[in-house]
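Thanks for coming. I have one structure to go through today, so let me put it on the screen.

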Amino acid sequence: MAEPKAKKERFSPPAVGGISLLAVFAVLCLTIFALLSLATVGADVRLADASVKAVTDYYKADYEAQEILAKLRAGEFPSGVTQSGDIYRYSCPVSEIQNLEVSVQVASDGSYHVLEWKTVPAQLWELDEEMELWDGTF
């Protein structure tokens, strides 16, 4: 008696259809958007930290300026203050690149009038005129 032939089974991977490709594309897009969101959050945190530092530094300088004004009103003459008649001028550092400059007029009875209370650059800007421009020739 003859033996029946055994069927040879072939392994074939599942067909990748349009739905599968669409799902892979969607997952890839969502992953990219998630990474972009994380990068944006990191930038926002750095910006918020810089903003907090700038505001904190300004209000420290403002507090120092208020203390100097209180001493002037009390009749004291703190160091770093210049006087021209009844007008007093002084400066408090906000940061390495910014100062808080104050000009105040103080009367003998202790009353005062603030003439200036502003932030200014700590250093004067210097124009650099030594830039070499290309004249169009080689």
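Predicted model: local features only at pLDDT ≥ 70, side-chain atom pairs only at ≥ 80, totals over all residues.

Residues are numbered from 1 along each chain as its sequence is written, and side-chain values use heavy atoms, with hydrogens and water left out.

The core comes to begin with. A nonpolar core here is a set of buried Ala, Val, Leu, Ile, Met, Phe, Trp, Tyr and Cys residues joined through side-chain atoms within 4.5 Å. Buried is under 20% relative accessible area, exposed is over 50%, and partly exposed is in between, with a 1.4 Å probe and protein chains only. The largest nonpolar core has 14 residues, and those touching the most other members are Leu72, Tyr90, Cys92, Leu100 and Val104. At least two residues of this core come from each of helix 1, strand 2 (87-93) and strand 3 (98-106). Helix 1 gives the largest share, five residues. Helices (H or I, at least four residues) and strands (E, at least two) are DSSP runs, numbered from the N terminus.

Now the salt bridges. The rule is a side-chain nitrogen of Lys or Arg within 4 Å of a carboxyl oxygen of Asp or Glu, and the count is two. In one, Asp57 pairs with Lys53, with the closest N and O atoms 2.8 Å apart. Both residues lie in helix 1, four residues apart, about one turn of the helix. Asp57 is buried at 17% relative accessible area, whereas Lys53 is exposed at 52%. In the other, Glu116 pairs with Lys118, and the closest N and O atoms are 3.4 Å apart. Glu116 is partly exposed at 31%, and Lys118 is partly exposed at 38%.

That leaves the patches. They are made of residues with over 30% relative accessible area and no salt bridge, with like charges joined within 9 Å and nonpolar side chains (Val, Leu, Ile, Met, Phe, Trp, Tyr) within 5 Å. Which residues form the nonpolar patch on the surface? They are Leu28, Leu30, Ile32, Phe33 and Leu36, with about 530 Å² of accessible area together. Phe33 sits in helix 1 (residues 18-73) and is exposed, at 53%.

Asp128, Glu129, Glu130 and Glu132 form a negative patch. Glu129 is in the segment after strand 4 (112-121), and is exposed at 68%.

Notes: Areas by Shrake-Rupley, 256 points an atom, 1.4 Å probe, with all protein chains shown as cover. Lys, Arg positive; Asp, Glu negative; His and termini not counted. Charge placed at Lys NZ, Arg CZ, Asp CG, Glu CD.
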